[in-house]
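Open the structure in a viewer and keep the selection tool at hand.

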Amino acid sequence: MTPPAPAIVVKGLTMAYGSFVLQRDLDFTINRGDIFVIMGGSGCGKSTLLRHMIGLKQPASGSVWYGEADFWALDEDERAAIIRRAGVLYQSGALWSSMTLAENVALPLQHYTELAPEVIDELVAFKLSLVGLAGFETFYPSELSGGMRKRAALARAIALDPDFLFFDEPSAGLDPISARNLDQLILELRESLGATVVIVTHELASIYAIATNSVFLDSEAKTMLATGDPKTLLQECTDPTVLNFLTRGTGQREVRTV
Amino acid sequence: MQQEPLRLTTGSATRPPVFTLQRPDSDHLVVALAGSWTLHAHPPVPADLLAALDGTVHRLGFACDGLEHWDTRLLIFLATVIKTAGQRHIDVDRAGLPPGVRRLLTLSEAVPEQVTYSPPGRDFLPTRIGRCVLALIGQSREVAAFTGEILLALLALLAGKKPFKPQDFLYFVQNCGVGSLPIVSLIAVLVGVILSFVGAVQLQMFGAQIYVANLVGLGMVLEMGALMSGVIIAGRIGASYAAQLGTMQVNEEIDALRTMGISPVGFLVLPRILALMLMLPLLCVYADIMGILGGSVIGVAMLDLSLVEYLEQTRKTIQLYQFGQGILKASVFGVLIGFAGCLRGMQCGRSALAVGEATTSAVVTSIVLIVVSDSFITYLLYR
C-alpha cells in the first residue's frame, strides 16, 4: 500500500461575511479517493466551506491547496483550470431550467472538449443511463420529480469525468430510499471513476454508510471540533458536542444504519 | 489481483487509442485495447469492429493489457459494441475489462426509470388551432376570475376589513411615486423639448411661434403626460410586480398564503393596484408640468419668446377639464398596469424561465392595454 496522497488540504482557513466570522482556523486534509464529509449543525458554515473550496467565495485568511497549488493565490484562469476538474452537485440540483436534460449535461462537454456533436450525444446518453435516466434526454427539469432532478444534476456533475466531486446536501428533500440509492450511486461512481468526493451533509445514515473521513464544524465554538473517520470518532471522540451529534443525542456509541 | 490502469483526465496522453482484433478460435473474437482512451484523444470509430461481428463470431472477449488511461470515452465505445453484439446474439465476456469499466457498464444497463410522460410532439394544423382556441377560452376565464377576486378584495376593503398590511401599501406608493420621479422628469422634459422642436420648425414658417406653447401644453396635458408616465411605470413597476409575484409563485409563497386562508389577491395584488391607481395620476400631473417646462426651454432659446409670454400663452390654452382628461387616463392606465403585472405574476409557472416570460409579458400586455384604452377614452371624450 502506498501512503495516501493528499488531494485537498485546508490550512488555517477563516471564513467571514464582512466582520462576522463564521469559522476560524480550519485545518484538515482530504486524501485522494476519500469520501470526505463536512458535518455539523444547521448554520455552522458547512455550505460556505464548500463554496470556499470550489472557488465561489474567497477566504478571509488561510488557504486551500489542491495538490501543490495554493488555490486562492492563483489567478482566475488557473483557478478555472482546477475547478474544471471538479464536478459540483448543488443543494437543489441547480439544473438550468430553460434547457432539456441532454442540453444540461452536454453544455460542459461542448464548452471544454472538442468532441463531435454525435459523440457528445452518445456521452450524454451514457451519463444519463449511469444515473438511471436513460430516455429522459428531451425532458425539462420542471417535468421531473425531485429525486430524478438530483440524479440528472449528478449526471451533469460527472459530465467531464471529474477528479473531484462536491455534493451540497445530496439527500436533502429525498425520501429515505431515494437518499440511500443516491448514496450507493455516489459510492459506485467513486469506486469506478476513482474520484475524490467531498459531501456536505447532516444525514447520519449516509455519514456512517459512505464516509471515510470527515470534519465537524460547530457554530458556537466557531471552529472545527474533530476530524477523522466518523465511525472512529463515534467510538473515540470525547468532545460532548461531537458525540451528541454523532449519537443523535442518545449518547450510545453504536452504528445504526437505517 | 490485476492492477487497474490509473485513470487520469489531465490529459498528458502518451499513446493514441487503438484497438486490434484477434481470432484465437474460429468463432471467438478478442478486441485488444491499447493507448489512452480519453475525452481529449481521438479514438477510432467502432465501424470496423461492428463489421467484424458477423455470423462466424459467437463469442466476444476483451484484452486490456496495453490500455493506459480511460474515461467515459472508452465506455461509450464499449457500450456501442456490447449493444450490437447483444442484438446479434453473440456472447460477451467482460472479464478482460478493468473492474471500474465493468461496474460502470453494469450501472448504465440497470433498469432505467420508466418514462411516464411524453413531451408533446408536433400536431396537425386543426389540432393546433383547436388548442389555441381552448387556451384562449381558458385565459379569458382566468382573467374574469382574477377580476372577480380583485373586486371581492376591494369590497372587503370597503367593508372595513384589512385584506393587506398598510405598510405594504405605503411602500408600494413610495416605490412607484417618489422612486419614479427622476426617470419621469427626464423623459417628460425631453418629450416637451421634442414636441416643441417639431412644432417650432413648422410654426416658424407662418410666424406663429407663440402657438408652440399651445401645441406643447395641449399635447402634454391631453396625451403625452399620461402616456409617457404610463409607459415608464409599465416598464419600471409593472415588470417588477410580475417578477415579484412570479418568484413568490416559484417559492410556493403564494400557496402558503392560500393555505393560511389569506387571499393572495387581497394581500398582494390589491395594494399594488391601488398604489398605482393613486400614484400614476400624480405622476401624470408632474410629467405635464415637466413637459411644459421642457417646451419653454426651446421656446425661449430658439424662438425668442420670453418665459412669461410662453407660460401665459400656455395658461390661456389649457382648461382645467383638459387636465382632468389626462388624469382620468392616467388612473385607468394605473389600474391596467397593476392588473397586467399582477395577473402575469400570478399566472407564472414554477421555473426561472417562467418568471422571465411573465415579466416580459406583463410589460407587453401593459403597453398594449395602455394604447388601446387611450384611443378608446379619447374617442369617447371627443365623440
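What is the order of the six strands in the open sheet of chain A? The order is β6-β7-β8-β3-β9-β10, with mixed pairing. This is a predicted model, in which local features need pLDDT of at least 70, side-chain atom pairs count only at pLDDT 80 or more, and totals for chains, interfaces and linings use all residues. Residues are numbered from 1 along each chain as its sequence is written, while chains are lettered from A and ligands numbered from 1 in the order in which they are written.

Helices (H or I, at least four residues) and strands (E, at least two) are DSSP runs, numbered from the N terminus; two strands pair if DSSP finds at least two bridges between them.

Next, select β3 (35-40) and β9 (213-218) of chain A, which pair in the parallel sense over five bridges. Within β9(A), A:Phe216 is the bridge partner of A:Met39.

Last, show chain B. The contact takes 27 residues from chain A and 24 from chain B, where contact means C-beta atoms, placed from the backbone, within 7 Å. On the chain A side, α4 (117-130) and α6 (176-193) each supply at least two residues. The largest share, five residues, comes from α4(A).

Conventions: Contact = placed C-beta atoms within 7 Å.
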